[in-house]
Amino acid sequence: AVSFSPSQVARKAVSQVDFGQQLTLRMRIKIFAPLAVIGVGYAIRNSVGMDLVYGDSRLDDAILEDVKPGEEYIFDWDFQASLQGGPYSFVCAVSSLNGVTGFERCDFIPCALQFSVLQPPEIVMGGSVHLPGKLSYQKI
């Protein structure tokens with residue numbers, strides 16, 4: 001199960017968000033087979049199917065080990081909706097570690113959730129995604 005909600009309020013799924021809004025992508029995973037190591041990931045795709053943003057539990061040091069059938073896990077990714085106004089979709093995947101070829105997919109949902117970002121007219125973006133960072137400057 002996948003849901004998408006504003007971070008500051010009760011967990012309620014939304015389909016339309018404001019530019020810059022703090023959000024949570026929640027993925028609920030149920031284990032059906034014993035696995036030594038699994039990772040969970042997502043991508044945010046634009047309306048033409050291009051992956052713009054990627055998240056992976058391996059990159060966030062959140063790998064699950066020795067999972068057993070019947071266990072359930074919830075993964076929450078908190079982030080800011082710094083996307084150009086328009087429609088988007090989430091792709092979700094669960095992978096397991098294979099000693100021969102690395103990680104291989106256990107489950108893949110090509111369109112787990114669709115949403116749109118409302119962009120205020122005063123914000124003009126020169127790209128699809130604004131990557132928040134720390135900016136400093138000085139007069140020389």
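1. Let's start with Q80 and what surrounds it. Leaving aside neighbours within four places in sequence, Q80 is in contact with G20, Q21, Q22 and P132, where contact means heavy atoms within 4.5 Å. Q80 belongs to strand β7; strands here are DSSP runs of E with at least two residues, helices are runs of H or I with at least four residues, and both are numbered from the N terminus. From Q80 to G20 the C-alpha to C-alpha distance is 5.4 Å, although 60 residues separate them in sequence. Q80 is partly exposed, with a relative accessible area of 35%; buried means under 20%, exposed over 50%, and partly exposed in between, with a 1.4 Å probe and protein chains only.

2. A quick word on the source before going on. This is a predicted model, in which local features need pLDDT of at least 70, side-chain atom pairs count only at pLDDT 80 or more, and totals for chains, interfaces and linings use all residues. Residues are numbered from 1 along each chain as its sequence is written, and side-chain values use heavy atoms, with hydrogens and water left out.

3. Now the chain as a whole. It has nine strands and zero helices, so in sequence order the pattern reads β-β-β-β-β-β-β-β-β. The C-alpha trace spans about 55 × 40 × 30 Å along its principal axes. Of the 140 residues, 32% count as buried. Among contacts between residues at least 6 apart in sequence, 67% join residues at least 24 apart.

4. The mean positions of the 11 positive and 14 negative charges are 5 Å apart. Lys and Arg count as positive and Asp and Glu as negative, while His and the chain ends are not counted; each charge is placed at NZ of Lys, CZ of Arg, CG of Asp or CD of Glu.

5. Y42 lies in strand β4 (residues 35–45) and F79 in strand β7 (residues 72–80), so the pair ties together parts that are 37 residues apart in sequence. Y42 is buried at 8% relative accessible area, and F79 is buried at 16%. Ring pairs link Y42, F75, W77, F79, Y88, F90 and F115 into a cluster.

6. There is also a charge over a ring: the charged end of R105 sits over F108, 4.1 Å from the ring centre. The rule asks for NZ of Lys or CZ of Arg within 6 Å of the ring centre and within 35 degrees of the ring normal.

7. Two backbone angles deserve a look. Most residues other than glycine have a negative phi. D61 has a positive phi, near 55°; D61 lies in the loop between β5 (51–56) and β6 (64–67) and is exposed at 70% relative accessibility. D66 has a positive phi near 50°, and D66 is found in strand β6.

8. Finally, S116 is placed in strand β9 (residues 102–118). Not counting residues up to four places away in sequence, S116 touches S15, Q16, V17, G86 and P87.

Definitions and conventions. Phe/Tyr/Trp six-rings, centres within 6.5 Å; stacked < 30°, edge-to-face > 60°.
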